[in-house]
Amino acid sequence: MKRELGRNKMGLCFSDKLRMNRESPPPDVVRVFVEYTEGGNHMTAEQLRRFLVEVQGETEVLVSDAEKIIERVTNERHHITKFLRHSLNLDDFLSFLFSDDLNHPVVSKVHQDMASPLSHYFIYTSHNSYLTGNQINSECSDVPLIKALKRGVRALELDLWPNSTKDGILVRHGWAWTPPVELIKCLRSIKDYAFSASAYPVILTLEDHLTPDLQAKAAEMMKEIFMDMVYFSESGDLKDFPSPEDLKYKVVISTKLPKGTLKKEKDSESDVSGKTSSEDVSADDEKVEETSEAKNEEEGTSEAKEEKDGGSDKESSKMDLLTYSRMILIPSGNARNGLKEALTFDNGGIRRLSLREQNFKKATEMYGTQVIEFTQKNLLRIYPKATRVTSSNYKPFSGWMYGAQMVAFNMQGYGKALWMMHGMFRSNGGCGYVKKPDFMMNKGPDGEVFDPKAKLPIKTTLRVKVYMGKGWDSGFQRACFNTWSSPNFYTRVGITGVRGDRVMKKTKKEENTWEPFWDEEFEFQLTVPELALLRVEVHDYNMPEKDDFSGQTCLPVAELRQGTRSVPLYDRKGERLVAVTLLMRFQFA
């Protein structure tokens, strides 16, 4: 009988062969407990501190930190205060190791350099961020924007269209049948949740289908709602990108520079027919000739003078002068004049190039070196092809390997590609900005750059031990099961990254138990660990039917914390499975 998470009811007929709980911890855990307690039954704060330093590699831990861990574990398990209990028994120690909060598998704080230009970072980016489902007729809403921001996504996309009376602005997917949402509602939600998960900048990429009057109206909306959150350059065109640190708590606008009249463009990125994007104009289309905008600037100057005479705040004057075109910090472009020109043209300033996934693939096949060189200074955004009407996604490593900062994904979808996206951005404290490795930003003595297709030497070896798992008995609402339907869990563990580092292995089946114990170790030789992700999946063997999915996670290899760690699992959409956790060990050699 097939079981699926959240679908089945608790049953009363248990097989005699079903094992509900394992009595003892893994032998490695028992051994280390005995070693650090010197054969005793309880681990003191000093002994726990030594374990954390010597085995877990947490070199800065103090005795006071260990005391806090003991206090929390004993209070949660026994409701005992620190005045009555100053040590951990073996079961307490295992409980600590299984704790997501106290013993997480990756670095949980922002720790990378955040003072480099934006082009030096991978940026957590969503595509058609307002859609609740498929690309054809799902509802447009601010809810997906809120969900994305709460997850840590830093780059959102809004498609702006006139309403039926041409006096208002809607967000919708063009040339489709998606019920729209008002722009002002989206902007208000973005303001409310922009920095709920990260202090670093939110980039709004706008696909603009507006008239000049509506562009001016959009600017007024953004000024009114975001106020001084909008970052713009007072001096005009920037020669270099600001850093994430410079842009903390700021909203950055990126779109094509407006023209004097609206040109109907049927080749929009939103076009479900799959034609080339017009979200962006060619990179050399720099001049802005917009009468209404010039008039707005005149009026803004006059108002600013009056306010100055009246002693008004200087920042308010700047905001009055801020027109739609001046709000655009990062001008965007496409490959309308050919891939080679788009990648090699240099206007002396900063820019963003957008390519659909199949055009990007063509670019890497024909001009791989130029793609890497382009991303060393400029932003490159990749977005899904139009035939992904179910909101599926492409493999993100195809972009990351070439330095593409903005690998735009349909966040409302699910599948292995999205799991990888979630995994990459668990890096750097989940702040949504991950520093690219230095080798992707540097050039060799002869001008050579990183070649992701090259055969590279082994740089490090990662040893992963899968001890055991628990939580499925509470995370899964169990059906009435017997010897044919009781769980037979196995774990698939492997690496995804550059081509030479891709491999998957699996444990044996652990039969008839909700608390599987595998105690198996795997070894992975890595050529580019800086870009690698550790993939973990648990399945329930269900012959003759398809094996049941039972949880997954992806973890950035470069951020793994050595030692024995708690590894929480997630469902197909990347939501946490309550209580479902693996105990694993990570070692580098």
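Biologist: Which residues does Ser 391 touch, not counting those up to four places away in sequence?

Modeller: A contact means heavy atoms within 4.5 Å. In this predicted model, Ser 391 touches Gly 133, Asn 134, Gln 135, Asn 410, Gln 412 and Gly 413, leaving out residues up to four places away in sequence. Residues are numbered from 1 along each chain as its sequence is written. Because the model is predicted, local features need pLDDT of at least 70 and side-chain atom pairs count only at pLDDT 80 or more, while totals for chains, interfaces and linings use all residues; side-chain values use heavy atoms, without hydrogens and water.

Biologist: Where does Ser 391 lie, and is Ser 391 buried or exposed?

Modeller: Helices (H or I, at least four residues) and strands (E, at least two) are DSSP runs, numbered from the N terminus. Ser 391 lies in the loop between strand 11 (379-383) and helix 13 (397-400). Buried means under 20% relative accessible area, exposed over 50%, and partly exposed in between, with a 1.4 Å probe and protein chains only. Ser 391 has a relative accessible area of 2%, and is therefore buried. The side chain of Ser 391 also reaches the backbone oxygen of Gly 133 at 2.6 Å.

Biologist: What is a nonpolar core, and how many residues has the largest one?

Modeller: In soluble globular proteins, nonpolar side chains tend to be buried together. A nonpolar core is a set of buried Ala, Val, Leu, Ile, Met, Phe, Trp, Tyr and Cys residues joined through side-chain atoms within 4.5 Å. The largest nonpolar core here has 80 residues, and those with the most contacts inside it include Leu 158, Met 222, Phe 226 and Met 421. Helix 7 (residues 212-226) gives the most to this core, with seven residues. Apart from this core lies another, of 27 residues, among them Val 106, Leu 560, Val 567 and Leu 577.

Biologist: What can be said of Phe 226 and Leu 577 individually?

Modeller: Phe 226 touches Leu 187, Ile 190, Lys 191, Leu 204 and Val 251, not counting residues up to four places away in sequence. Leu 577 is in strand 22 (residues 576-588). Leu 577 is buried, because its relative accessible area is 6%. Leu 577 and Gly 551 are 26 residues apart in sequence and 7.4 Å apart in space, C-alpha to C-alpha.

Biologist: How many disulfides does the chain have?

Modeller: A disulfide is a covalent bond between the sulfur atoms of two cysteines. The rule applied is a pair of cysteine sulfur atoms within 2.5 Å, and by this rule the count is zero. Cys 431 is buried at 3% relative accessibility, and Cys 554 is buried at 1%.

Biologist: Where does pLDDT stay under 50?

Modeller: pLDDT is the predictor's confidence in each residue, from 0 to 100. The mean for the chain is 86, and 83% of its residues reach 70 or more. pLDDT stays under 50 over residues 260-312 and over residues 478-483.

Definitions and conventions: A polar contact is a pair of N or O atoms within 3.5 Å; within protein, one must be able to donate a hydrogen and the other to accept it, and residues adjacent in sequence count only if both atoms are side-chain atoms.
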